[in-house]
Amino acid sequence: MSETVTIIGGGLAGTEAAWQLAERGCQVTLYEMRPQRQTGAHVTDRLAELVCSNSMGSTLPDRALGILKNELLRMGSLVIRTAFKHALPAGAALAVSREDFAEEITGLIGGHPNITVHRQEVTEIPAGPVIIATGPLTSGALTAQIQALTGQQHLYFYDAMAPIVVADTIDMTVAFRQSRYDRESELGGDEGDYINCPLNKEEYARFVQAVLDAPKTELKGADKELERYFEGCMPIEALAARGEKSLAFGPMRPVGLRDPRTGRRPWAAVQ
Ligand SMILES: Cc1cc2nc3c(=O)[nH]c(=O)nc-3n(C[C@H](O)[C@H](O)[C@H](O)COP(=O)(O)OP(=O)(O)OC[C@H]3O[C@@H](n4cnc5c(N)ncnc54)[C@H](O)[C@@H]3O)c2cc1C
């Protein structure tokens, strides 16, 4: 292809697309609006910055996410190759050092002879071959352009904030280190990759009640209007409200864990 391909957005999708095209001899112009214009979730000026979780999910060969990673590796994926290079101990999941990961991809993209990077917001869809890879936090002006092009009024993105447990608040005489089913990663050494806070039946019931009784953040804007959650990323309080055991069968599931105090699986666990 002799024409230059324009890619808007230097996140995971944009950098991978740029790399694949450039490696095949195409000329690529990549636009990334940060740091001139931030998104509200990204905090650095790096390309391929991971927002929120640093885990890319399972690496197991019998899981959809594991199969996908393997396929991407075989196809020469820049993102997955770099993620494995900067992996952190995380049991059977691929978690990465977000700084090292983004730093390396920024350097590789910036140094590729077929890629020109412009740090600039794109407000109109340019002519010629274009890949729009601006993700869930596409800037306002470009969102309006995409809406006009697709005829869709609402481009909707919902995400729940992950609850954070402060390490200092964990009683390590009760909590224990283990990866589910003892699937420790090779990176982690002998200690389990995860800290698990076990709960028995009564503790779990008290925990769920406390979540239900706690003050809630009110939904705003379109979220409030639609009152709809993304099932793949539910807030803990919305899950708890669905039934007493929802958390114990969801993010607090104890499967594959063994409490060393009892030698048995706990009723529930915060991992
Ligand atoms: C708050 C939040 C939390 C999330 N948590 C998770 C999580 O835990 N796990 C998970 O898998 N996914 C999570 N996601 C989804 C996450 O965004 C995607 O997994 C991933 O980042 C998508 O990659 P992307 O390349 O499509 O978009 P991004 O990585 O967001 O990259 C898009 C890039 O385009 C740039 N850009 C936007 N508009 C313009 C413009 N007009 N001109 C030029 N550049 C522009 C942005 O600055 C950004 O760098 C979360 C998203 C958000 C917003």
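A residue is called buried here when its relative accessible area is under 20%, exposed when that value is over 50%, and partly exposed in between. The views below use these words for a predicted model.

**View 1. Helix H3 and the elements that cover its buried residues.** Helix H3 spans residues 78-85, and its buried residues are Leu 78, Val 79, Ile 80, Thr 82 and Ala 83. The cover over these buried residues of H3 includes helices and strands from several parts of the chain, among them H1, helix H2 (64-74) and H4, together with strand E3 (55-58), strand E4 (87-88) and strand E5 (93-96). Where H3 starts, a side-chain oxygen of Ser 77 comes to within 3.3 Å of the backbone nitrogen of Val 79.

View 2. Thr 15 has its place in helix H1, and because its relative accessible area is 0%, Thr 15 counts as buried. A polar atom of the Thr 15 side chain lies 3.3 Å from the backbone oxygen of Leu 12. When residues up to four places away in sequence are not counted, Thr 15 touches Gly 9, Gly 10, Leu 47, Ala 48, Leu 78, Val 79, Ile 105 and Ile 109. Among these partners of Thr 15, Leu 78 and Val 79 are also listed with the buried residues of helix H3.

**View 3. Leu 108 in helix H4.** Leu 108 belongs to helix H4, which runs over residues 98-111. With a relative accessible area of 27%, Leu 108 is partly exposed. If its neighbours within four places in sequence are left aside, Leu 108 is in contact with Trp 19 and Leu 78. Leu 108 and Thr 15 stand 93 residues apart along the chain, and their C-alpha atoms are separated by 9.6 Å.

View 4. A polar atom in the side chain of Glu 32 lies 2.7 Å from an oxygen atom of the ligand, whereas for Ser 53 a backbone N or O atom lies 3.1 Å from an oxygen atom of the ligand. At Val 122, a polar backbone atom is 2.9 Å from a nitrogen atom of the ligand. Taken alone, the ligand exposes 960 Å², and the protein buries 79% of that area.

**View 5. The setting of these close-ups in the whole chain.** The chain is divided into domain 1, made of 4-54 + 97-150, and domain 2, which covers 167-270, and the C-alpha centres of domain 1 and domain 2 lie 35 Å apart. In secondary structure the chain has eight helices and 10 strands, and along the principal axes its C-alpha atoms fill a box of roughly 65 × 45 × 35 Å. Of the 271 residues in the chain, buried residues make up 35%. Among contacts with a separation of 6 or more, 59% are between residues 24 or more positions apart. The chain exposes about 16200 Å², and carbon and sulfur atoms supply 54% of this area.

How values were computed
Residues numbered from 1 in each chain as written. Predicted model: local features only at pLDDT ≥ 70, side-chain atom pairs only at ≥ 80, totals over all residues. Heavy atoms only, no water. Domains from an automatic or database assignment. Polar contact = N/O pair within 3.5 Å; in protein donor to acceptor, adjacent residues only side chain to side chain. Areas by Shrake-Rupley, 256 points an atom, 1.4 Å probe, with all protein chains shown as cover. Helix = DSSP H or I, 4+ residues; strand = E, 2+ residues; numbered from the N terminus. Buried < 20%, exposed > 50% of the residue type's maximum accessible area, 1.4 Å probe, protein only. Contact = heavy atoms within 4.5 Å.
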